[in-house]
Amino acid sequence: MHPTRKAVATAAALLAVATAAGCDADSDADVSGSGSAKPGCPTVLAEAKRAVAKAEDVDAPWTGPTSGPKAVRGKTIVYIAHTLANPGPAGVAQGVGEAAKVVGWRARILNGKGTTAGVKAAFKEAIDSKPDGIVISGFGPEIIPKEIQQADAAGIPVIGWHATTAPGPSKDPKLFSNVTSRVEDVAKISADWIIARSNGRAGVVIFTDTTSDFPRNKSELIKKELATCSDVKLLDYKNIPIPEANSRSINEVSSLLKRFGDKWTYSVAINDLYFRHAAPALRAAGKDGDGAPYNIGAGDGDPSAFERVNSKKFQTATVPEPLSEQGWQIVDEFNRAFAGEPASGYVAPVHITTAANSGGALSWDSEGYRQAYRKIWDR
């Protein structure tokens, strides 16, 4: 049983009581900084609380594919990460490697090192090795359009992870499938969590990376959902490219604290790692790790994010991708491609992890995915 299942009965019961009473589960504390003021968006608030309650449910059985082709033997795939410093692509790479061993394939992992030049060089290395399939992870195919065409001409299927805004197959650019949660769902539930937890009153900073379509689109969707509640105020929309988060976050967070002070009550970032780097600045400013600003990561749910959430140290929640599970899905999608079958069409449901429902776990994956894929592959 997944560790998060341990707390399901208690968490669900408390949440049901809180929802029935017309308040959120944290209403005993003034988490919004607004005291007993009525929210300016009662309808939006009620809908947000219902959505958050559903997303925080940890009883999530496998809803993915249960049928498909048996494992095709003797294949080689190359996984290209935008940067392995990003825990999302790194976590998926581990899942790909694990699943590849199960089906008897060779999986190579290449690091684009966070630059277009690095990604292009990695793709060239991949093509030159004449693999059976290529994964592009954490970056959009718009930065390598000629290389994608080259792979297609060579008959090499390409699968993306967070490569385009939509999950599933893509004709232009040509991808057999793109494995990701629906960015609309992740963005909406992240904003809804802020609306619900703050009781409709929050001063919010969004951390984003506008250098790539996927994170830029996610943050715009978050901003749009926050705007549905009139008493949620967007204080700043901070663009920090992911490869620069380590070097820039401390100074940027210090500047935000000086500008907004106690008005800054919530943050949402397109990736959890922003809060890894923001923590020292918040700590230096005398902020309580379990106090405002309350931070939620709209992806990817890496182990360090779970550690911060579990210990209540400068991150309150994460909307985790099931990273290992998605690595297994990528291998399954390739197996379908090699067998001449269409993509599965599966999209993992959205989930929110907090200290109350994590059960001390360091990851989130649907229950039973390994068994399901092994059964499909007859492995």
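Colleague: Is Y266 buried or exposed?
Modeller: In this predicted model, Y266 counts as buried, because its relative accessibility is 0% and the cut-off for buried is under 20%.

Colleague: How many aromatic pairs does the structure hold?
Modeller: The structure holds 12 aromatic pairs. In one of them, the ring centres of W193 and Y266 are 6.0 Å apart and the planes stand at 75°, so this pair is edge-to-face.

Colleague: Where do W193 and Y266 sit in the chain?
Modeller: W193 belongs to helix α6, while Y266 belongs to strand β8 (residues 266-269). The two residues are 73 residues apart, and their pair links distant parts of the chain.

Colleague: And W193, buried or exposed?
Modeller: W193 is buried, with a relative accessible area of 4%.

Colleague: What about F207 and W264?
Modeller: F207 and W264 form a tilted aromatic pair, with 6.5 Å from centre to centre and 50° between the planes. F207 lies in strand β6 (residues 202-208) and W264 in the loop between α8 (245-260) and β8, so the pair ties together parts that are 57 residues apart in sequence. F207 is buried at a relative accessible area of 3%, and W264 also counts as buried, at 2% relative accessibility.

Colleague: Which residues form one aromatic cluster?
Modeller: The cluster is formed by W62, W328, Y346, Y369, Y373 and W377.

Colleague: Next topic: which ring does the charged end of R197 sit over?
Modeller: The charged end of R197 sits over the ring of Y294, at 4.2 Å from its centre. Likewise, the charged end of K75 sits over the ring of F338, at 5.1 Å from its centre.

Colleague: Now to V92. Where is V92 found?
Modeller: V92 is in helix α3 (residues 87-103). V92 is buried, with a relative accessible area of 0%.

Colleague: What is V92 in contact with, leaving aside its neighbours within four places in sequence?
Modeller: With those neighbours left aside, V92 is in contact with Y79, W161, L323, Q326, G327 and I330. V92 and W161 are 69 residues apart along the chain, and their C-alpha atoms are separated by 8.3 Å.

Colleague: Last one: how many cavities of 30 Å³ or more are there?
Modeller: The count comes to 1 cavity of 30 Å³ or more. The largest cavity holds about 50 Å³ of space.

Colleague: Which elements give two or more residues to the lining of the largest cavity?
Modeller: Those elements are α6 (183-197) and α7 (213-226). Among the lining residues are V183, V186, F214 and K218. By class, the lining has 6 nonpolar, 4 polar and 2 charged residues.

Terms used: Residues are numbered from 1 along each chain as its sequence is written. This is a predicted model: local features need pLDDT of at least 70, side-chain atom pairs count only at pLDDT 80 or more; totals for chains, interfaces and linings use all residues. Side-chain values use heavy atoms; hydrogens and water are left out. On a 1 Å grid over the protein atoms alone, a cavity is a set of points where a 1.4 Å probe fits but cannot get out, and a pocket is an open set with protein on both sides within 12 Å along at least five of seven lines; lining residues have an atom within 4 Å of a point. Grid points are joined across faces, edges and corners, and a volume is the space filled by probe spheres set on the points. Helices (H or I, at least four residues) and strands (E, at least two) are DSSP runs, numbered from the N terminus. Ala, Val, Leu, Ile, Met, Phe, Trp, Tyr, Cys and Pro count as nonpolar, Asp, Glu, Lys and Arg as charged, and the others, Gly among them, as polar. Buried means under 20% relative accessible area, exposed over 50%, partly exposed in between (1.4 Å probe, protein chains only). Contact means heavy atoms within 4.5 Å. Rings of Phe, Tyr and Trp (its six-membered ring) pair if their centres lie within 6.5 Å; planes under 30 degrees apart count as stacked, over 60 as edge-to-face and the rest as tilted. A charge sits over a ring if NZ of Lys or CZ of Arg is within 6 Å of the ring centre and within 35 degrees of the ring normal.
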